[in-house]
Structures are given as C-alpha cells and as structure tokens.
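Hi,

Here is the structure I said I would pass on. Have a look at it first, and then read my notes below.

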Amino acid sequence: MIAKLKRLIPQNAFARGVSVLVGGTAGAQVLLLLAAPLLTRLYTPEDFGLLAVYTGLLALFSVVSSLRYELAIPLPESNTEAANVLILSLLVVLVMTGISGLMVLVAGQEIALALGTPALAKYFWLLPIGVLLSGVYKVFDYWAVRTKVFGDIARTRITQTLSTLAIQLFGFKFGGTALLFGQAGGQGVGSIRLARSALRHKDFYRWSWPGVWQAAKRYKQFPIFSTWSALFNTAGTQLPPLMFAALFSAGAAGLYALAHRVLAMPMSILGDAIGKVFFSNAAEAYREGRLAPLVKNVHGTLAEVAMPACVLLVVVGPELFVLVFGENWRQAGEFARYMAPWLYVVFVTSPLSTLFLVLERENIGMLFQAGLLLSRVLAIFIGASLMNQLLATVALFAATSAVFWFGFLLWVFVVSGNRMSDVIKPTTNALFKAILCILPLTIVLHLLPGKMTWQYVGILVTGGMLATYYWTVYRRAFSS
C-alpha cells in the first residue's frame with residue numbers, strides 16, 4: 001500500500017513543488033467552495049458589492065506595497081544579498097502602509113461615495129491594516145519560494161482561507177461588514193510561520209544597511225517597470241467591480257464579483273502554485289537552454305486542466321449558478337458564461353508571465369499591462385454608455401481581455417523558442433477531450449429539459465468522465 005502511494009508522488013522537483021502547493025491548499029479550497037452557496041444565502045449581492053469595492057482598493061495598494069522588490073528575493077546567488085532585498089521590501093511596505101492610511105484619513109468618505117458604497121466609509125480604516133498584513137506576507141512568501149519551502153507556503157494558504165471563511169460565516173449577522181473583516185483578517189495570517197522560516201536561516205542575519213542600499217540600486221528595474229506593470233494588471237482586474245458599482249450599482253458589482261470569484265479562485269490557486277514553481281526553475285532553464293520545453297510542457301498541462309471547466313461554464317453556466325447559489329444569482333451565471341473563455345486564457349498564460357522577469361524584459365510587461373488596462377476601461381465605458389446593458393458590458397469586457405491575453409501567450413511562445421503549433425495543438429486537443437466529457441450533460445439538458453432523472457444521469461456520467469480525465473492528466477503530468 002505504501003509503495004502504491006509513493007508511486008503517486010511526483011518524482012521530479014518541478015512537479016513535486018506544484019503538487020505540494022496545490023495539494024496543501026486543496027482541502028481549504030474545497031471547504032471554501034462548499035461554503036460559497038451558504039455565503040450567497042447569508043449575504044446579498046449588495047453585500048458582495050461592498051466586499052468587491054474594498055477588495056479592489058486593497059489589491060491596488062497591496063500589489064505595489066513593496067514596489068515589487070519582493071520579486072527580486074529569489075534571484076540573487078547569495079542568500080545575504082537576498083536578505084538585504086527582503087529587509088528593503090519590508091521597509092517599503094511600511095512606507096506604503098502610511099500612504100494608504102493618509103489617503104483614508106483625508107479622502108476616505110469621498111472615495112466611498114464616488115464608488116457608490118457609502119457604507120464603506122466607516123470601515124475604511126481596514127484598508128491600511130490590510131495593506132500592511134498582505135505586504136508583509138508577500139515578502140516572506142518570496143523568501144519561502146527562494147528556499148523552496150513550498151510546504152510552509154501551502155500550510156499558510158490553508159490558514160488564510162480558513163480564517164477568512166470562519167469570520168465571514170460566523171459574523172453574518174453584521175451584514176457586509178463581516179465580509180470586509182474576514183478579507184482583511186485573512187490577508188496576514190501565515191506571515192508568522194513564513195517569517196519564522198526566514199529567521200531560522202543563518203544568512204538572513206548578514207544583512208546590512210549598505211547592503212540594503214545596494215539592493216535598492218541593483219534591482220531598481222522592479223519599482224521602475226515591474227511596479228507599473230503589476231499596478232496596471234491589478235487595476236485591470238480590480239477596476240471592473242469598482243466601475244460596475246459606480247456606473248450601474250453595488251448589486252451589479254456583487255454579481256460580477258461572485259462570478260469572477262467562483263471562476264478565478266480555483267484557477268488562481270493552481271495557477272499561482274505552478275507560476276511560483278515555474279519562476280523558481282525558469283531562470284536556471286533559461287541559462288541552460290531548456291526554456292522552450294519547460295514553457296511548452298507547463299502550457300500543455302494548464303490547457304488540459306482548465307479547458308473542461310471553461311466548456312462546462314459556457315454550456316450550462318446559468319443553470320449551475322442557480323443550482324449552487326440560488327435563483328438570485330442566475331445573472332452571475334450568465335456573466336460566467338461570457339467570462340469563462342477569457343479566464344481560461346488567463347489561467348494558461350499568467351503562470352508564464354514571470355518570463356518578463358527572467359528575460360529582464362520588464363518594460364515589455366509594463367506596456368502589455370498598460371494596453372490591457374486601457375482596453376478594459378474603454379470596453380466598460382463603451383458598454384455602459386452606448387449599450388447601457390450590464391450583460392453586454394461584461395461580455396465586451398471579457399472578449400477584449402481574452403484577445404489581449406492570447407496575444408501575450410503568443411509572445412511567450414515566440415521569445416521562449418517555441419512554434420505557433422505548440423500553442424494550437426494542445427489547445428485543440430484539450431478542447432476536443434473537454435467536449436467529449438461534457439457531451440452527456442449537454443445532450444440531456446438541451447434534448448430532455450425538465451427530465452430530472454435523466455439530468456441526474458447526465459451529471460453522473462459527465463462527472464465520472466471528468467474524474468477519469470483529470471486522473472489521467474495527473475498521472476501523466478505530475479507522476480512522471
């Protein structure tokens with residue numbers, strides 16, 4: 001029995017790292033997904049809209065909380081130099097926390113009113129706290145990436161998820177404010193564990209003030225280029241709920257936020273894990289001329305993982321949302337139908353985006369994110385002003401985003417030394433397999449509407465085929 005279990009454990013370092021990060025968060029992720037139907041019955045779309053606005057503002061500050069110096073922590077050959085970068089990152093986090101606090105103090109109420117969420121004004125003090133906690137966590141997270149203690153990262157993700165969920169479930173009587181407290185509190189959970197791992201490292205204590213200053217100069221391209229790239233990227237992700245709240249209503253922002261959360265959360269967990277392990281291996285692969293096959297293999301695995309979910313949501317997204325979250329959230333399912341192709345492209349591309357850093361092409365990354373942000377803002381404004389329909393606006397926004405991300409995917413393959421066929425072939429193969437898996441459920445829903453017995457049969461058959469499919473993907477990709 002033990003021998004059989006050992007055979008399931010990946011044998012290569014890359015797959016092992018991904019498996020630890022993904023496997024460590026799987027249990028907490030399942031709990032969070034199971035709790036989602038309960039949360040949608042405890043809270044209204046307006047409550048989720050309040051959370052979406054707060055989360056958007058927090059993300060905009062958090063992504064630049066250390067001016068992206070934390071990304072340089074895994075890069076130096078010397079652990080002493082890496083420790084200097086870590087201290088530098090923490091100092092910048094403190095400065096950014098102060099700036100966010102000053103903004104809340106001076107203009108917090110005006111910002112809340114402009115975004116159509118006046119209830120947020122009295123809880124805006126949670127913003128600088130969230131910036132501090134999330135910033136510190138990210139800094140130590142990248143030290144853990146450098147030292148490859150992926151188990152510690154996985155355990156902290158579990159703690160974060162469970163802490164957020166506990167606050168939001170048990171505090172529902174306080175309305176949308178409990179969602180805010182859960183989001184803020186969960187940000188920094190796990191920092192102590194990761195900090196302890198860093199403090200136990202003997203080279204950590206060799207940092208010095210001259211070394212910190214040298215690190216600031218050596219890696220200045222991160223605040224100059226990568227910070228703007230990350231800010232544009234995060235703004236492109238977080239501005240939609242803010243704009244939906246301002247141009248339509250808080251309820252519209254809540255519907256969009258739920259659809260995005262349900263679609264992006266599982267993908268981001270796996271994508272973030274693969275991205276971190278890819279980043280820790282890509283620099284070495286580039287130096288040794290192995291970057292092209294690494295990019296090709298990672299993309300192929302991501303396509304196989306994400307395609308069935310994308311096809312399923314396109315076909316039966318609204319029905320699934322009604323079944324899981326209730327009739328009030330049907331429109332969120334309509335959003336999911338149009339957003340699924342876009343988030344698929346993001347999922348298969350985003351983990352590879354660290355090539356900007358590996359190839360020292362941060363300026364290209366900044367231009368890409370700036371163009372993406374501008375196109376998204378224009379899409380929402382055009383949809384709101386000319387169409388004046390929320391669903392059409394979401395569809396236009398999603399289509400624009402998908403086109404930009406697909407263009408970036410092609411760029412990644414070109415600069416890594418791959419061919420266009422290396423993008424198309426795994427995508428079409430994954431699409432064909434996904435359609436076969438979803439076909440039984442699709443036939444039942446469209447040819448036998450209202451026949452609950454046959455629908456259950458379709459669900460069981462499709463579920464069995466998907467389970468077999470993913471087991472095959474796992475054995476091939478992670479157990480070799």
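A definition to begin with: the expected span of a helix is 1.5 Å times one less than its number of residues. Helices here are DSSP runs of H or I with at least four residues, strands are runs of E with at least two, and both are numbered from the N terminus. Helix H6 (150–170) has 21 residues and reaches 31 Å from its first C-alpha to its last, close to the 30 Å expected.

Before going on, please note that this is a predicted model, where local features need pLDDT of at least 70 and side-chain atom pairs count only at pLDDT 80 or more, while totals for chains, interfaces and linings use all residues. Residues are numbered from 1 along each chain as its sequence is written, and side-chain values use heavy atoms, with hydrogens and water left out.

**The overall picture**

The protein has 18 helices and zero strands. Of its 480 residues, 54% count as buried; buried means under 20% relative accessible area, exposed means over 50%, and partly exposed is in between (1.4 Å probe, protein chains only). Contact means heavy atoms within 4.5 Å. Take the contacts with a separation of 6 or more: residues 24 or more positions apart account for 82% of them. There are zero disulfides in the structure, a disulfide being a pair of cysteine sulfur atoms within 2.5 Å. As for cysteines, Cys310 is buried at 8% relative accessible area, and Cys437 is buried at 7%.

**Helices H6 and H8**

Back to H6: its buried residues include Phe150, Ile153, Arg157, Gln160, Thr164 and Leu169. Helix H8 (residues 191–199) has Ser191, Leu194, Ala195, Ser197 and Ala198 as its buried residues. Seen down the axis of H8, these fall within an arc of 155°, so they line one face of the helix. (The arc is that of the directions from the helix axis to the C-beta atoms.) In general, an α-helix has 3.6 residues a turn, so residues three or four places apart point the same way. What do the buried residues of H8 pack against? They pack against helix H5 (126–147), helix H6 and helix H7 (176–188).

**Aromatic rings**

Rings of Phe, Tyr and Trp (its six-membered ring) pair if their centres lie within 6.5 Å; planes under 30 degrees apart count as stacked, over 60 as edge-to-face and the rest as tilted. By this rule the count comes to 18 aromatic pairs. In one of them, the rings of Tyr123 and Phe181 have their centres 6.2 Å apart and their planes at 80°, so the pair is edge-to-face. Tyr123 lies in the loop between helix H4 (79–114) and H5, and Phe181 lies in H7, so the pair ties together parts that are 58 residues apart in sequence. Tyr123 is buried at 19% relative accessible area, whereas Phe181 is partly exposed at 33%.

Phe368 and Trp405 also form an edge-to-face pair, with 5.3 Å centre to centre and 80° between the planes. Phe368 sits in helix H15 (residues 362–387) and Trp405 in helix H16 (residues 390–415), so this pair links distant parts of the chain, 37 residues apart. Phe368 is buried at 13% relative accessibility, and Trp405 is buried at 4%.

Ring pairs also link Phe244, Phe248, Tyr256, Trp342 and Phe397 into a cluster. Elsewhere, the charged end of Arg218 sits over the ring of Tyr219, 4.6 Å from its centre; for this, NZ of Lys or CZ of Arg must be within 6 Å of the ring centre and within 35 degrees of the ring normal.

Gly135 is found in H5 and is buried, with a relative accessible area of 1%. Leaving aside neighbours within four places in sequence, Gly135 is in contact with Ser65 and Val93. Ser65 lies in the loop between helix H3 (45–62) and H4 and is buried, also at 1%.

Leu67 and Arg68 lie in that loop too. Most residues other than glycine have a negative phi. Phi of Leu67, however, is near 55°, and phi of Arg68 is near 70°. Leu67 is partly exposed at 27% relative accessible area, while Arg68 is buried at 17%.

Cheers
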